[in-house]
Amino acid sequence: MLNSHPHPALRGLASMACAAALLASFAASAAAPADRTATPEPAALSRAEVVADLVLWRRAGLDRYEVLATSHGLETPAYRAAYREYQRLRSSEQFQIEVRKALQD
């Protein structure tokens, strides 16, 4: 009569083989190159560009909406107008002016 339960040493060997196969699959997926076409990473901003952006954010009045954003959401006509002003400033020569000022500090 055959024993339906494998020898304890064989069970341990099978468990180790299964664990090794699992680790190998994780290692292979980690080593595979990431798909860069899905979401390109944004270009890093310099410190001066971040400072300039913050100046324009405040100049447009968006800093006044911090409490509103956390308690009521941002979709108000006043916020949308301030955001449009920020976008206008950000895409204008004002941004480069503020970057130059930040570089001098």
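**Figure 1. The buried residues of helix α4 and what covers them.** In this predicted model, the cover over the buried residues of α4 includes α2 (47-59) and α5 (93-104); helices here are DSSP runs of H or I with at least four residues, numbered from the N terminus. The buried residues of α4 are Tyr-79, Ala-82, Tyr-86 and Leu-89, where buried means under 20% relative accessible area, exposed over 50%, and partly exposed in between, with a 1.4 Å probe and protein chains only. These four residues lie on the same side of α4, because they cover an arc of only 85° around the axis, the arc being that of the directions from the helix axis to the C-beta atoms. Pro-77 and Arg-84, on the other side of α4, are exposed.

**Figure 2. The largest nonpolar core.** Such a core is a set of buried Ala, Val, Leu, Ile, Met, Phe, Trp, Tyr and Cys residues joined through side-chain atoms within 4.5 Å. Among the 13 residues of the largest one, those touching the most other members are Leu-56, Leu-62, Tyr-65, Tyr-86, Phe-95 and Val-99. Two or more residues come from each of α2, α4 and α5, and α4 gives the most, with four residues. When neighbours within four places in sequence are left aside, Val-99 is in contact with Ala-48, Glu-49 and Ala-52, contact meaning heavy atoms within 4.5 Å.

Figure 3. The structure holds five salt bridges, each defined as a side-chain nitrogen of Lys or Arg within 4 Å of a carboxyl oxygen of Asp or Glu. In one of them, the side chains of Glu-98 and Arg-59 meet at 2.6 Å, N to O, and this pair links distant parts of the chain, with Glu-98 in α5 and Arg-59 in α2, 39 residues apart. Glu-98 counts as buried because its relative accessibility is 6%, whereas Arg-59, at 42%, is partly exposed.

Figure 4. Glu-85 and Arg-88 form a salt bridge whose closest N and O atoms are 2.9 Å apart. Because they are three residues apart in α4, about one helical turn separates Glu-85 and Arg-88. Glu-85 is partly exposed, with a relative accessible area of 28%, and Arg-88 is also partly exposed, at 46%.

**Notes to the figures.** Residues are numbered from 1 along each chain as its sequence is written, and side-chain values use heavy atoms, with hydrogens and water left out. As the model is predicted, local features need pLDDT of at least 70 and side-chain atom pairs count only at pLDDT 80 or more, while totals for chains, interfaces and linings use all residues.
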